[in-house]
Amino acid sequence: MPFADVVASQNEPSELSPSGPYRTLKQAGLVLLCTAWIALGLFGHDPWNFDMLKSGDWIIPQLAGSALPERAPLFYALAAAAASAFQAVLPLHDAARIAIALCLGLTLWLLALTGRELYGPGFRWLPVLIFIGCIGLWDRSHQLSPDLGLLPAFALALYALALSQRRPALAGILLGGAAGVAFLFRGSLGPALIALTALLLPLFKPWRSTRYAGTLALAIVVAAPLIVAWPWALYLRDPVAFSQWFAAQDITRLFGLAPGAPESEPLYYARNLLWFAWPALPLGLWTLWLRSRGFNGGLGDAGVELPAVMSLVLFIVLSAAAEPRATLLLPLLLPLSLLAAAEVDTLKRGYSGALDWFGILTFGLLAALVWGLWIETLVNGLPEPV
């Protein structure tokens with residue numbers, strides 16, 4: 001059979017792989033890799049100090065006996081529920097960290113679904129592999145922090161927005177759920193960023209339709225009760241605590257404009273993004289450069305427009321906000337990984353080889369250094385300069 005006929009007869013790029021008969025084993029290996037990435041570093045950290053499990057108060061989070069009404073409760077409640085469920089087999093502080101595994105596993109699954117929806121079945125693993133390889137996740141992906149809860153929320157929002165082209169009703173339900181969950185994990189900033197992304201997408205043709213307008217309307221209907229329920233319960237529980245939470249939502253304080261608010265640092269994320277989002281950022285820029293030259297449908301494609309819009313929204317809003325923190329960049333890695341996956345298979349051999357060797361040498365030397373330091377510490381104690 002001519003090669004052109006072979007190409008035409010396949011439904012996805014992975015069908016052309018000479019290792020096709022071993023695809024099941026490769027899939028199992030990738031699942032094992034993701035499982036190892038989630039599990040390694042999950043346990044053995046400092047004890048968990050959160051008091052929600054002791055107090056039984058699921059409305060107002062508490063830390064070291066102090067109420068924290070300005071913090072949304074969902075991540076703390078999830079950690080407390082995990083601690084309660086697994087305390088028979090794990091120390092309490094390790095059992096609580098099962099919540100991290102749930103968030104990370106759900107994030108990877110939703111990212112794979114989004115990659116398949118935007119680029120086809122042959123691309124479902126690529127954004128996942130790029131995402132778990134990002135340097136910014138090294139020491140931040142296993143922190144018991146509500147910032148981590150935004151990852152599955154934004155991954156769900158990306159999947160919903162991608163799905164809106166094909167199943168607008170289901171997409172509206174999922175988008176509303178993503179906004180509501182983001183609010184319950186981290187407060188008003190998360191749903192605001194998701195909403196801004198969704199409202200900007202009609203600037204592009206794939207989302208300029210009455211079907212997408214219906215998706216947004218349904219998302220509002222679904223998100224509204226999720227966003228209203230906790231503040232209302234907080235108000236009924238303690239009006240003073242509600243006032244503290246409401247004052248913390250001041251948008252002028254978010255952008256450093258209120259008296260006594262932390263100062264903004266507009267270049268903080270620009271300075272740190274290259275290493276934080278490596279290798280997703282350079283691969284994403286490769287996609288934009290290649291598509292700008294008209295390859296594979298150009299820039300006017302949903303697989304470019306959706307992740308690009310969310311990336312810009314996150315980067316611009318966070319850069320303007322006060323009190324910058326690297327953990328707030330975590331959701332940005334999701335759209336960047338999607339953008340990077342779109343054209344990673346067209347990377348020139350020399351570029352991909354250089355990237356491969358950079359990773360091998362850099363991380364190999366780093367691993368050797370860490371192991372050497374561990375052995376030295378085990379034998380002679382931690383060196384004083386270190």
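How many salt bridges does the rule give? I got a count of six, where a salt bridge is a side-chain nitrogen of Lys or Arg within 4 Å of a carboxyl oxygen of Asp or Glu.

**Ground rules**

I noted that this is a predicted model, in which local features need pLDDT of at least 70 and side-chain atom pairs count only at pLDDT 80 or more, while totals for chains, interfaces and linings use all residues. Residues are numbered from 1 along each chain as its sequence is written, and side-chain values use heavy atoms, with hydrogens and water left out.

**The whole chain**

I looked up the secondary structure and found 18 helices and two strands. Both are DSSP runs numbered from the N terminus: helices are H or I with at least four residues, strands are E with at least two.

Next I checked burial: of the 386 residues in the chain, 43% are buried. Buried means under 20% relative accessible area, exposed means over 50%, and partly exposed is in between (1.4 Å probe, protein chains only).

The accessible surface comes to about 19600 Å², and 68% of that belongs to carbon and sulfur atoms. The areas come from the Shrake-Rupley method with a 1.4 Å probe, and for residues only the protein chains shown count as cover.

I also looked at contacts, meaning heavy atoms within 4.5 Å. Taking those between residues at least 6 apart in sequence, 74% join residues at least 24 apart.

**Back to the salt bridges**

I started with E117 and R166, whose side chains meet in a salt bridge at 2.9 Å, N to O. This pair links distant parts of the chain, with E117 in helix α6 (residues 98-119) and R166 in the loop between α8 and α9, 49 residues apart. E117 is partly exposed, at a relative accessible area of 21%.

Then I went to E265 and R271, another salt bridge, with the closest N and O atoms 2.6 Å apart. E265 is partly exposed too, at 32% relative accessibility.

R291 and D301 were my next stop: their side chains form a salt bridge at 3.9 Å, N to O. R291 sits in helix α15 (residues 280-292) and D301 in the loop between α15 and α16 (302-320), so the pair ties together parts 10 residues apart in sequence. R291 is buried, with a relative accessible area of 6%, whereas D301 is partly exposed at 27%.

Which residues do salt bridges with shared partners join into one network? I found D147, R186 and R325 there.

I zoomed in on D147, which lies in the loop between α7 (126-132) and α8. D147 is buried, with a relative accessible area of 5%. A polar contact of 2.5 Å joins its side chain to that of R186. (A polar contact is a pair of N or O atoms within 3.5 Å; within protein, one must be able to donate a hydrogen and the other to accept it, and residues adjacent in sequence count only if both atoms are side-chain atoms.) Not counting residues up to four places away in sequence, D147 touches R186, R325, T327 and L328.

**Helix α11**

I did spot a kink of about 30° at A223, shortly before the proline P225. The bend at a residue is the angle between axes fitted to the seven residues ending there and the seven starting there.

The buried residues of α11 are Y212, T215, L216, A219, A223, W230, P231 and L234. Their cover includes α8 (150-163), α9 (168-186), α10 (189-200) and α12 (239-248).

From α10 I picked A198, which is buried at 3% relative accessibility. Not counting residues up to four places away in sequence, A198 touches L161, L175, Y212 and L216. The C-alpha atoms of A198 and L216 are 7.7 Å apart, though 18 residues separate them along the chain.

**Two last look-ups**

T107 is in helix α6 and is buried, at 0% relative accessibility. Its side chain reaches the backbone oxygen of C103 at 2.7 Å.

Is the peptide bond from W278 to P279 cis or trans? I found cis, with omega near 5°. P279 is in the loop between α14 (268-276) and α15. For background, most peptide bonds are trans.
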